[in-house]
Amino acid sequence: MKKFDFKNIRFGKVDLNDLNDRTLLLNLYITQLLTFIIGIVIVFFQSNHKILSMFHFEGGWAILIWGCLFAVVVLGVDVLISRWVPKEVSDDGGINEMIFGNRAVWHIALISLIVAICEELLFRGALQYWWGPYWTSIVFAAIHVRYLQHWLMTGMVFGISYGLGWIYQYTGSLWTPIIAHFIIDFVMGCILRFSKEEEKSS
């Protein structure tokens, strides 16, 4: 059996033009798996913090309503930004377009669900328990490095994260920010996908 040579692993800045679709997806899924594992490990070491209690459905409709309302507000603000702010300000280097642009709707939904669950488990479920929503949101904004070159987008990512943290604290269920995160990513992904389709047909 051939052994894997770890010495040949190289880290460096990735040029998006060098990424094919398979590599991009593999990168995405591996990153989310690592995010999920790190979140689980952190929660495991938080002795007073039980993972099952985060995923309760007490409050029922309030969880769904708060998640949907927050997503609608974020999407509304994003529409205003895209209408009134120059495109280069909200430019993420084309990464979102590469992820969602040619994807089937079911795949956009799957990616959005995986990202929502993994990121909310780590940031809201694990890190916020230690640091609170403010410092967790600073880390969340820093992780979304592609937006750091524009203060407006960095501020928006911070604001979204803080809002997700607030609705989690208010409802006490991790499903609330997961629902909001999923709707935001799914709708944005569909907008990118169908706007690209319109560009091709015109």
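Which residue lies over the face of Phe140? Arg124 does, at 4.9 Å from the ring centre. The close-ups below show this contact and others in a predicted model.

View 1. Arg124 lies over the face of Phe140. Arg124 also forms a salt bridge with Glu120. The closest N and O atoms of that bridge are 2.7 Å apart. Arg124 and Glu120 are separated by about one helical turn, because they sit 4 residues apart in helix 5.

**View 2. Asp21 and Arg103 form a salt bridge.** Their closest N and O atoms are 2.7 Å apart. This pair links distant parts of the chain, 82 residues apart. Asp21 belongs to helix 1, and Arg103 to the loop between helix 4 (95–100) and helix 5 (105–143). Asp21 is partly exposed, with a relative accessible area of 39%. Arg103 has 6% relative accessibility, so this residue counts as buried. The count of salt bridges comes to 2.

**View 3. Gln46 sits in a loop.** The loop runs between helix 1 (21–45) and helix 2 (51–54). Gln46 counts as buried because its relative accessibility is 3%, under the 20% cut-off. Leaving aside residues up to four places away in sequence, Gln46 touches Gly125, Ala126, Tyr129 and Trp130.

**View 4. Trp66 and Trp166 form an aromatic pair.** The whole structure holds 10 aromatic pairs. In this one, the geometry is edge-to-face, with 5.4 Å centre to centre and 65 degrees between the planes. Trp66 lies in helix 3 (residues 61–84) and Trp166 in helix 6 (residues 151–171), so the pair ties together parts that are 100 residues apart in sequence. Trp66 is partly exposed, with a relative accessible area of 27%. Trp166 is partly exposed too, at 39%.

**View 5. Phe182 and Phe186 make a ring pair.** The pair is stacked because the planes stand at 10 degrees, under the 30 degrees cut-off, with the ring centres 5.7 Å apart. Both residues lie in helix 7 (residues 175–201), 4 residues apart, about one turn of the helix. Phe182 is partly exposed, with a relative accessible area of 24%. For Phe186, also partly exposed, the value is 22%.

**View 6. Ring pairs build a cluster.** They link Tyr134, Trp135, Phe158 and Tyr162.

**View 7. Arg193 sits over a ring.** The charged end of Arg193 is placed over the ring of Phe194, 4.9 Å from its centre.

Methods:
Residues are numbered from 1 along each chain as its sequence is written. This is a predicted model: local features need pLDDT of at least 70, side-chain atom pairs count only at pLDDT 80 or more; totals for chains, interfaces and linings use all residues. Side-chain values use heavy atoms; hydrogens and water are left out. Helices (H or I, at least four residues) and strands (E, at least two) are DSSP runs, numbered from the N terminus. Buried means under 20% relative accessible area, exposed over 50%, partly exposed in between (1.4 Å probe, protein chains only). Contact means heavy atoms within 4.5 Å. A salt bridge is a side-chain nitrogen of Lys or Arg within 4 Å of a carboxyl oxygen of Asp or Glu. Rings of Phe, Tyr and Trp (its six-membered ring) pair if their centres lie within 6.5 Å; planes under 30 degrees apart count as stacked, over 60 as edge-to-face and the rest as tilted. A charge sits over a ring if NZ of Lys or CZ of Arg is within 6 Å of the ring centre and within 35 degrees of the ring normal.
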